[in-house]
Amino acid sequence: MSHAEDSIIVCRCEDVTLGEIRKAIREGAVTLDEVKRITRAGMGPCQGRTCRLLVAGEIARFCGKHVSGILQSKYRPPVKPVKMGDLAALELTPLSEPGHGQQSGASPECTCGKAVNGR
Amino acid sequence: MIRTELAIVGAGPAGVCAALEAASYGVKVTLLDREQWIGGQLVKQTHKFFGWYEKSAGTRGVVIAKDLAVKVKANPDIRFMGSTEVLGYYQADGVLLLETPQGIQTLKPERLLVATGASEKMILFPGNDLPGVYGAGAVQTLMNVHGVRPGKSVLMIGSGNIGLIVSYQMAQAGVKVAAVVEALPHIGGYAVHASKIRRLGIPIYTRHTIKEAYGTDCVEGAVIWQLDDDWQGIPGTEKQLDVDVICLATGLTPLCEFLWQAGAEMTDIPELGGFVPLYDEHMETTAKGIYVAGDAAGIEEASTAMAEGRLAGLAIAYSLGKVPDHEFSRKRQDCLKELAELRAGPTSQAILKGLAAMREQMGKQARAQTRKKVRS
């Protein structure tokens, strides 16, 4: 592996290089989650949209497997960074009370809580 | 919390056609998009389409987008929420979390259609983080939406339809296209697009890829080389190109985050671009009430995305009890026939193979479900 190859950026959000990814894999990280936790690849603003496939490809090559055989990491919400204050401002409405807390912006004819054909 | 009968994530060709079809049966639709405009990628597609748009080929994508936007805005049953990003789908409650210009909101739909399209694939080469390395989508946005040229001279990586069309559009905009390189032994896109490039004197190098990009603060040049049968570069075949832009059109992969979050069964099908959901002939995934259409269901074209969107919109209206049986089966057949015709060409063989593989797994899944029910 050449030095030039080692310094290729794989995760642009977190500035993780191919050398760092390959080192983590050689040291035993063989799932996307393991590589992510050790290197932070996939933990930035794009949440792995760019590097996920590249990291999976590196693991697959190292393990001699097909990419589909590499354990995927979960796509937990939120899928992009959100301000804590914005989330905190959200008043959660219990779902057991259909219609309660409905916002004025919602369609006035929405069929919440009614039978499928009952509009 | 907002409630709606049908939430559609993505106002591209698939999502909009689904919205119009469902709303034509009185379904109350909430159509979501992170952009403020309707049409998704169509708004930057200044080239003419081959597929049919209401039986008329030769329409430009940007014209189709305008037409669809007018129809959506005129429809009282569709509420378009632009500049709104979906942050997640919470399976236990069936709720979408939205980031709107007015703040964070929650949306609970009776049915959900995921029409989120695709994301671009990146490739690894030294210098791939230099300013001047663009995805083909970004170049199209810069030129065709904002009227800005990305640079003076470009190397295009990838000869699929996107690579060929964007190369041609850059040439039209006065950008010198130094070369198009393609790792495969053959050109990926339609011959008609490739011929337009070749007539301009632009070389297309098959079995070639980029070795490296170089430059101090931005791209100042690129080196390409030939690949052997094991996809390794052959020393001695390097060519140096003076370019300030490197454009990547190295493929798309379905964007299915919300389907993963919904617990839909997913499968990796290379012909469809990567992980895709299993779905039935109504475009419904294995997560009940959650549908998929367009590139999120497998990378194809806007014409098939529109037909899939119509099929999904029809099936959703039917599932809500708003379409009579006979009308549903007739219109469903029309949609399936249109899809079959759009996929009849020789370039669609791989897509058909991928779809057959997906359906086989869907069939296995359904049989396993039936056995479980019989036993219990």
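This is a predicted model: local features need pLDDT of at least 70, side-chain atom pairs count only at pLDDT 80 or more; totals for chains, interfaces and linings use all residues.

Q: How many helices and strands does chain A have?

A: Chain A has five helices and two strands. Read from the N terminus, the elements follow the order α-β-β-α-α-α-α. Of its 119 residues, 36% count as buried. Among contacts in chain A with a separation of 6 or more, 44% are made by residues 24 or more positions apart.

Q: How is the packing of two helices described?

A: Two packed helices are described by the angle between their axes and by the distance between those axes. In chain B, helix α3 (residues 136–145) and helix α4 (residues 161–172) pack at an angle of about 30°, and their axes are 10 Å apart. Angles under 35 degrees count as roughly parallel, and α3(B) and α4(B) are therefore roughly parallel to each other. Their crossing is left-handed.

Q: Which residues of α3(B) and α4(B) meet?

A: From α3(B) come B:A136, B:V139, B:Q140, B:M143 and B:N144, and they meet B:I162, B:V166, B:Q169 and B:M170 of α4(B). By residue class, this contact comprises six nonpolar, three polar and no charged residues.

Q: At what angle do the axes of helix α1 and helix α2 of chain B cross?

A: The axes of helix α1 (residues 13–23) of chain B and helix α2 (residues 61–74) of chain B cross at roughly 35° and come within 10 Å. The crossing of α1(B) past α2(B) is left-handed. On the α1(B) side the contact has B:V16, B:C17 and B:L20, which meet B:L68, B:K71 and B:V72 in α2(B). The residues of this contact are five nonpolar, no polar and one charged.

Q: Are A:R40 and A:E14 buried or exposed, or in between?

A: A:R40 counts as partly exposed because its relative accessibility is 39%. A:E14, at 26% relative accessibility, also counts as partly exposed.

Q: Which parts of chain B does the pair of B:E300 and B:R343 tie together?

A: The side chains of B:E300 and B:R343 form a salt bridge of 2.7 Å, N to O. B:E300 lies in the loop between β19 (290–292) and α7 (302–319) of chain B, and B:R343 in the loop between α8 (325–342) and α9 (349–375) of chain B, so the pair ties together parts 43 residues apart in sequence. B:E300 and B:R343 are both buried.

Q: What separates B:D334 from B:R330 in helix α8 of chain B?

A: B:D334 and B:R330 are separated by about one helical turn, because they are four residues apart in that helix. Their side chains meet in a salt bridge (4.0 Å, N to O). B:D334 is partly exposed, with a relative accessible area of 44%, and B:R330 counts as partly exposed at 48% relative accessibility.

Technical notes
Residues are numbered from 1 along each chain as its sequence is written. Chains are lettered from A and ligands numbered from 1 in the order in which they are written. Side-chain values use heavy atoms; hydrogens and water are left out. Axes are lines fitted to C-alpha atoms, for helices over the stretch in contact, and angles run from 0 to 180 degrees between N-to-C directions. A crossing is left-handed if the near helix is turned anticlockwise from the far one by less than a right angle, and right-handed if clockwise. Contact means heavy atoms within 4.5 Å. Ala, Val, Leu, Ile, Met, Phe, Trp, Tyr, Cys and Pro count as nonpolar, Asp, Glu, Lys and Arg as charged, and the others, Gly among them, as polar. Buried means under 20% relative accessible area, exposed over 50%, partly exposed in between (1.4 Å probe, protein chains only). Angles under 35 degrees count as roughly parallel, over 145 as roughly antiparallel, 65 to 115 as roughly perpendicular and the rest as oblique.
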